[in-house]
Number of protein chains: 2
Amino acid sequence: MTEKKEKILQSALELFAREGYTGTSTSKVAKHACVSEGLIFRHFGNKEGLLDAIIKEGEERAKTLFSSIVFETDPKELISKLITTIESFSKNSEDFEFWKLQYKIKWETEKYNEHKMEALQLALTSAFTKLEYEFPELEATILLVIMDGLATRLCLQENFQVGPITDFLRKKYNV
Amino acid sequence: MTEKKEKILQSALELFAREGYTGTSTSKVAKHACVSEGLIFRHFGNKEGLLDAIIKEGEERAKTLFSSIVFETDPKELISKLITTIESFSKNSEDFEFWKLQYKIKWETEKYNEHKMEALQLALTSAFTKLEYEFPELEATILLVIMDGLATRLCLQENFQVGPITDFLRKKYNV
DNA sequence: TATATTTGCAAGTGATTACTCACTTTTATG
DNA sequence: CATAAAAGTGAGTAATCACTTGCAAATATA
């Protein structure tokens with residue numbers, strides 16, 4: 001990957017996260033990345049190709065992030081790790097912009113990438129089964145739904161504090 | 001309100017919910033509403049004015065919807081009503097498009113209307129206090145966060161079934 | 001009925017959109 | 001070194017964008 005190609009991706013990520021996909025023009029991306037507009041189309045074909053490249057990178061990043069959770073064998077530790085992961089999405093984190101973009105794209109393109117979360121759902125279900133919860137699958141879904149809800153608040157509600165909530169969740173799940 | 005003015009609002013609601021705010025041009029709205037494009041600007045000033053009108057209508061609708069919950073005195077009944085409200089947001093409901101737009105706008109304009117939910121938060125906290133939960137405020141927040149998460153799933157994940165989750169929530173809160 | 005106001009339309013405006021193309025420069029390869 | 005492929009540019013393109021203007025039709029008010 002060329003230096004300029006990487007710069008384009010980085011600029012697009014930042015601008016798409018801030019202004020949205022349709023709200024960001026290719027000329028803005030080019031100016032921000034300090035390259036000619038034509039280069040975007042040389043490398044990515046069209047604007048959607050640029051978006052696809054960002055999404056693909058996102059899937060890789062999600063896989064990496066979730067791998068340490070999914071392969072955890074101790075059920076309590078697994079739940080604890082998931083809660084800690086949510087906590088780390090706080091605003092000053094360097095991952096924040098990245099995850100915000102993932103959700104923004106979801107709402108703008110209306111494609112909820114289910115299989116990205118499938119492994120997580122299965123691992124959580126397994127954990128709740130080990131802990132002998134009555135409805136492990138529903139417990140897993142609820143926890144992932146809470147994740148989506150917390151992401152919404154973190155991204156959209158100013159001054160939202162995750163800390164008290166995640167502490168409370170740890171107490172509830174006794175982890 | 002003129003017939004045509006109402007038609008514009010109705011068309012804008014539908015198109016904004018489907019294609020997003022920046023993704024919908026004023027000419028598309030005009031064509032869909034079968035009016036001249038100029039009439040939009042006569043009635044609403046500019047495109048943002050049209051959006052504001054829709055948001056304002058949304059606030060009224062939210063107030064109406066939540067009023068029967070907020071003024072409920074029986075704590076268990078209050079929680080039950082909230083869960084039922086979430087349930088009614090299922091895809092074939094006529095309110096679905098409306099609530100989807102509310103969330104889409106939130107993500108596109110990045111303004112989480114906190115005071116719209118403030119009354120709900122307070123009422124829920126009061127309910128959990130009456131029921132002698134240890135951390136009523138956190139319980140209230142968690143339930144509202146679950147609402148946001150469920151809305152995300154309902155709007156973006158195909159074939160998502162709320163029923164099992166809401167039944168599970170009723171069991172958890174014993175309502 | 002006369003007049004003022006509101007409602008509505010068609011045809012514009014300049015700016016911006018995603019994208020193309022002819023061209024030069026850089027890099028890799030035999 | 002020669003040559004081909006890849007990287008990069010800048011000036012285009014038609015279409016679309018939000019928005020304006022001048023004028024006609026409908027409606028309200030006196």
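Of the atoms of DNA strand D within 4 Å of the protein, what percentage belongs to sugar or phosphate? The figure is 56%, and the rest belong to bases.

Good morning, colleagues. The structure before you is a predicted model, in which local features need pLDDT of at least 70 and side-chain atom pairs count only at pLDDT 80 or more, while totals for chains, interfaces and linings use all residues. Residues are numbered from 1 along each chain as its sequence is written, chains are lettered from A and ligands numbered from 1 in the order in which they are written, and side-chain values use heavy atoms, with hydrogens and water left out.

Let me begin with chain A. Its secondary structure consists of 9 helices and 0 strands; here helices (H or I, at least four residues) and strands (E, at least two) are DSSP runs, numbered from the N terminus. The pattern along the sequence of chain A is accordingly written α-α-α-α-α-α-α-α-α. The C-alpha trace of chain A spans about 60 × 30 × 25 Å along its principal axes.

Chain A is divided into domain 1, residues 1-45, and domain 2, residues 55-173, with bounds that come from an automatic or database domain assignment. Between the C-alpha centres of these two domains of chain A there are 29 Å. In chain A, 11 residues of domain 1 are in contact with 7 residues of domain 2, where contact means heavy atoms within 4.5 Å.

I turn to a helix pair in chain A. The axes of α4(A), residues 47-70, and α7(A), residues 114-130, come within 10 Å and cross at roughly 5°. Such axes are lines fitted to C-alpha atoms, for helices over the stretch in contact, and angles run from 0 to 180 degrees between N-to-C directions. The crossing makes α4(A) roughly parallel to α7(A); angles under 35 degrees count as roughly parallel, over 145 as roughly antiparallel, 65 to 115 as roughly perpendicular and the rest as oblique. On the α4(A) side the contact is made by E59(A), A62(A), F66(A), I69(A) and V70(A), and on the α7(A) side by K116(A), M117(A), A119(A), L120(A) and A123(A). This contact has 8 nonpolar, no polar and 2 charged residues. In this classification Ala, Val, Leu, Ile, Met, Phe, Trp, Tyr, Cys and Pro count as nonpolar, Asp, Glu, Lys and Arg as charged, and the others, Gly among them, as polar.

Helix α1(B), residues 3-19, packs with α3(B) at an angle of about 100°, and their axes are 11 Å apart. That angle makes α1(B) roughly perpendicular to α3(B). From α1(B), the residues K4(B), K5(B), I8(B) and L9(B) meet L39(B), I40(B), H43(B) and F44(B) of α3(B). By class, this contact has 5 nonpolar, 1 polar and 2 charged residues.

Next, DNA strand D. The surface near DNA strand D has 3 nonpolar, 10 polar and 4 charged residues. Helix α3(A) gives the most to this surface, with 4 residues.

Several polar contacts (pairs of N or O atoms within 3.5 Å; within protein, one must be able to donate a hydrogen and the other to accept it, and residues adjacent in sequence count only if both atoms are side-chain atoms) may be pointed out. A polar backbone atom of S36(A) is 3.0 Å from a phosphate oxygen of DNA strand D. The side chain of E37(B) has an N or O atom 3.4 Å from a base nitrogen of DNA strand D.

Finally, DNA strand C. Which residues come nearest among the 15 around DNA strand C? They are T26(A), K47(A), K4(B), R42(B) and H43(B). Of the atoms of DNA strand C that come within 4 Å of the protein, sugar and phosphate account for 57%. A base nitrogen of DNA strand C lies 3.4 Å from a polar side-chain atom of E37(A). A phosphate oxygen of DNA strand C is 2.9 Å from an N or O atom in the side chain of H43(B).

Note on methods. Near = heavy atom within 4 Å.
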